[in-house]
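Here's a friendly walk through a protein model for anyone meeting it for the first time. Have a look at the sequence and the fold, then read on.

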Amino acid sequence: MTPPNSKLVEINFDGIVGPSHNYAGLSLGNIASASHKGDPSYPRAAALQGVAKMRGNLARLGVQGFLLPLPRPNGLLSSVLAYDGSEAPQLRAAPWSASSMWTANAATVSPAADTADGTCHLSPANLVTMLHRAQEWPDTKRMLDIAFGDSDHFTVHGPVPPTFGDEGAANHMRLCEGHGNKGVEVFVYGKTSGTFPARQHEQASRLVARVHGLDPAACVFIEQNPAAIEAGAFHNDVVSVANERVLFTHAEAFADQAGAYDAIRAAFPALEVVEVPSAEVSLAEAIRTYLFNAQLLTLPDGGMALIVPEECRESASVWAWAEKMMASNGPIRDVIPVDVRQSMANGGGPACLRLRVVCDPAAVDPRFMLDESKADLLEHVIGDTWPEQIDPADIGKDTLAAQVIAARAALLQALDLSELI
Ligand code: SUG
């Protein structure tokens, strides 16, 4: 076994919820997005919920990063679409989407211990399946190039060509003895067979693995269960999550569940599976509550905690299962609910809101790292400038556009990141 590099730690980079956060029902196959379409949104509350989640994890782990909202409304996309009101309102809403908050879709990340050249590789996701998400990658890449600009430590690639749908880390898991050790990277792809699109294509995953210089013997490619996609698991991280040697998964996550465990175990014999049976938590309830869209964290004492949405505590079956698990002698010792309801209503739980990067924190541009005083600063700027409420009829209005642009600019200025304006 390769000895671990002790400077390498896992940093969660949470996306700050942008000032244009709204519910336009843009994501086919994402049940929360569809069912909240047309509701008023509360961008200020949404962003503050996100900061509170970051503060909690900063206290637990001692390290936390963040990524910034992208420029919205996106004038370039608006002009390309030439929206004149005669078409579906989704075309008006797409350039306004705050969807970059879900940084689990920003990129796929392979830590230095896994790659041939010994740098941490990041590939921004092309997100081609959804118009409102496909606009993200150029601005995401611009930000990753700054945050991870130290080429002794990082390699930032371009996206996978658009024919191959790539949704980033949401369909990627990593198994390892410790975050700094060489790991096994598991890529989960879908095949479109029902009414909802499979957003992660197998060829995109294979391409990312090659570009990152991964050891083929330490890569596993697994098909998502088509029934899970049809039930609303538009990304694999809606039905499973991994951390170190543990895979926490619903029993119906993969097309061939036993075959998936065997394939991972062949590359990573120490695998420990924590499987939730359908009889205890149905697939539908798992997707409704986002039990698996959780952050599975290694705490400083070596134990693991699962950061779940509040919705899990309110579900009789999910919480009964969580309590049983906490009382058992399993690897996950604690289940901690957090309130990210504004994001949840668009289909984004605690795990969607973060991108995991294993690296030396000193190698990251410090402007993207959080501490308590910066969390105060974020809250201050968000409290002062983020719109309190957005109604669907506000989308497209010049007054709202001006407010959204000014709010983001105020945040970038406060963080000394005006080069991103
Ligand atoms: O791509 N929702 C996002 C949610 C992404 C969740 N991410 C992970 N599972 N990692 C999506 O479907 C809704 C936008 C709207 O409807 O306005 C949206 O884009």
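This is a predicted model: local features need pLDDT of at least 70, side-chain atom pairs count only at pLDDT 80 or more; totals for chains, interfaces and linings use all residues.

## A sheet built around strand 1

Let's start with a pair of strands: strand 1 (residues 9–15) and strand 15 run antiparallel and are joined by six bridges. Helices (H or I, at least four residues) and strands (E, at least two) are DSSP runs here, numbered from the N terminus. Two strands count as paired if DSSP finds at least two bridges between them.

Residues are numbered from 1 along each chain as its sequence is written, and side-chain values use heavy atoms, with hydrogens and water left out.

The pair belongs to an open sheet of three strands in the order 2-1-15, with mixed pairing. Strand 2 (65–67) and strand 15 (354–359) take the edges with a single partner strand each, so one side of each has no neighbour in the sheet. From one strand to the next, the twist averages 30 degrees. (Axes are lines fitted to C-alpha atoms, for helices over the stretch in contact, and angles run from 0 to 180 degrees between N-to-C directions.) Helix 2 (residues 43–61) packs on this sheet and touches strand 1, strand 2 and strand 15; contact means heavy atoms within 4.5 Å. The direction of helix 2 makes about 170 degrees with that of strand 1.

P73 sits in the loop between strand 2 and helix 3 (75–81).

Strands of a sheet pair through backbone hydrogen bonds, either parallel or antiparallel. There's an open sheet with the order 9-10-11, and its pairing is mixed. Its edges are strand 9 and strand 11 (272–276), each with a single partner strand, so one side of each goes without a neighbour in the sheet. On average, neighbouring strands here are turned by 15 degrees against each other, direction ignored.

Strand 10 and strand 11 pair in the parallel sense over five bridges, and L247 stands opposite V273 in strand 11. Helix 9 (residues 257–267) packs on the sheet, touching strand 10 and strand 11, and its direction makes about 170 degrees with that of strand 10.

Take a peek at E244 too, in the loop between strand 9 (240–243) and strand 10 (246–250). E244 isn't a glycine, yet it has a positive phi of about 50 degrees.

## Two helices side by side

Now for helix 14 (residues 372–385) and helix 15 (residues 398–414): their axes come within 10 Å and cross at roughly 160 degrees. Helix 14 and helix 15 are therefore roughly antiparallel (the label for angles over 145 degrees). On the helix 14 side, L377, L378, V381 and T385 meet Q403, A407, A410, L411 and A414 in helix 15. By class, that contact has seven nonpolar, two polar and no charged residues. Ala, Val, Leu, Ile, Met, Phe, Trp, Tyr, Cys and Pro count as nonpolar, Asp, Glu, Lys and Arg as charged, and the others, Gly among them, as polar.

## Stepping back

How many helices and strands are there in the protein? There are 15 helices and 15 strands.

Note on methods. Angles under 35 degrees count as roughly parallel, over 145 as roughly antiparallel, 65 to 115 as roughly perpendicular and the rest as oblique.
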